[in-house]
Amino acid sequence: ESAFEFYGREKVTVLKLEVSKPEIMRRLQSRGREDDTEEAIRERVSWYEEHINPALEFFEENPRYEVIKIDGEQDPEGVFEEILVKTEQ
C-alpha cells in the first residue's frame, strides 16, 4: 500500500487468475516434477489460501484497487486474450 502511495499510483489493477483445485492438481501433477506429489500440491494450495486469499480480499474490498478476474482454466492464448480484452482502456 505504501509503495503505491510513494509512486503516486492512485488506481491499481490486480489480475486474479481463477483456477479450480482439481485443475491445479491436474496441471501440477502432469508436469512430472519429483516434488509435485499430491500431498505437496495440497500443501501449496493450502498455503496460497491461507496467505494470498486475505490479500486478494483486501484488494477486492478497497476501492483503490480494481480486481479483474480471469478464467485461468483456458489455454495460455485464451488467458492472454481475456486479459487484453478486460484491461483495454
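I take buried to mean under 20% relative accessible area. I am working from a predicted model.

**Entry 1: Y65 and F4**

I looked up Y65 first. Y65 has 5% relative accessibility, so I log Y65 as buried. F4 comes out at 27%, so F4 goes down as partly exposed. I then counted aromatic pairs and found five in the structure. F4 and Y65 make one of them, edge-to-face, with 5.9 Å centre to centre and 70° between the planes. This pair links distant parts of the chain. F4 sits in helix α1 (residues 2-6) and Y65 in strand β2 (residues 65-71), 61 residues apart.

**Entry 2: F59 and the cluster**

How do the rings of F59 and Y65 lie, in distance and angle? Their centres are 4.6 Å apart and their planes stand at 55°, so I note the pair as tilted. I also traced one aromatic cluster, formed by F4, F58, F59 and Y65.

**Entry 3: α3 against α4**

I turned to the helices. α3 packs with α4 (residues 53-61) at about 35°, the axes being 4 Å apart. On the α3 side I list Y48, E49, E50 and H51; they meet N53, P54, A55 and L56 of α4. I sorted the residues of this contact into four nonpolar, two polar and two charged.

**Entry 4: the largest pocket**

I put the volume of the largest pocket at about 300 Å³. Its lining includes K16, K21, R44, Y48, E49 and N53. Which elements give two or more residues to the lining? I found β1 (12-18), α2 (21-30) and α3 (38-51). α3 gives the most, with four residues. By type, I have six nonpolar, one polar and five charged residues in the lining.

Definitions and conventions
Residues numbered from 1 in each chain as written. Predicted model: local features only at pLDDT ≥ 70, side-chain atom pairs only at ≥ 80, totals over all residues. Heavy atoms only, no water. 1 Å grid on protein atoms, 1.4 Å probe; cavity = no way out; pocket = protein on both sides within 12 Å on 5 of 7 lines; lining within 4 Å. Points joined across faces, edges and corners; volume = space filled by probe spheres on them. Nonpolar A, V, L, I, M, F, W, Y, C, P; charged D, E, K, R; others polar. Axes fitted to C-alpha atoms, helices over the stretch in contact; angles between N-to-C directions. Contact = heavy atoms within 4.5 Å. Phe/Tyr/Trp six-rings, centres within 6.5 Å; stacked < 30°, edge-to-face > 60°. Buried < 20%, exposed > 50% of the residue type's maximum accessible area, 1.4 Å probe, protein only.
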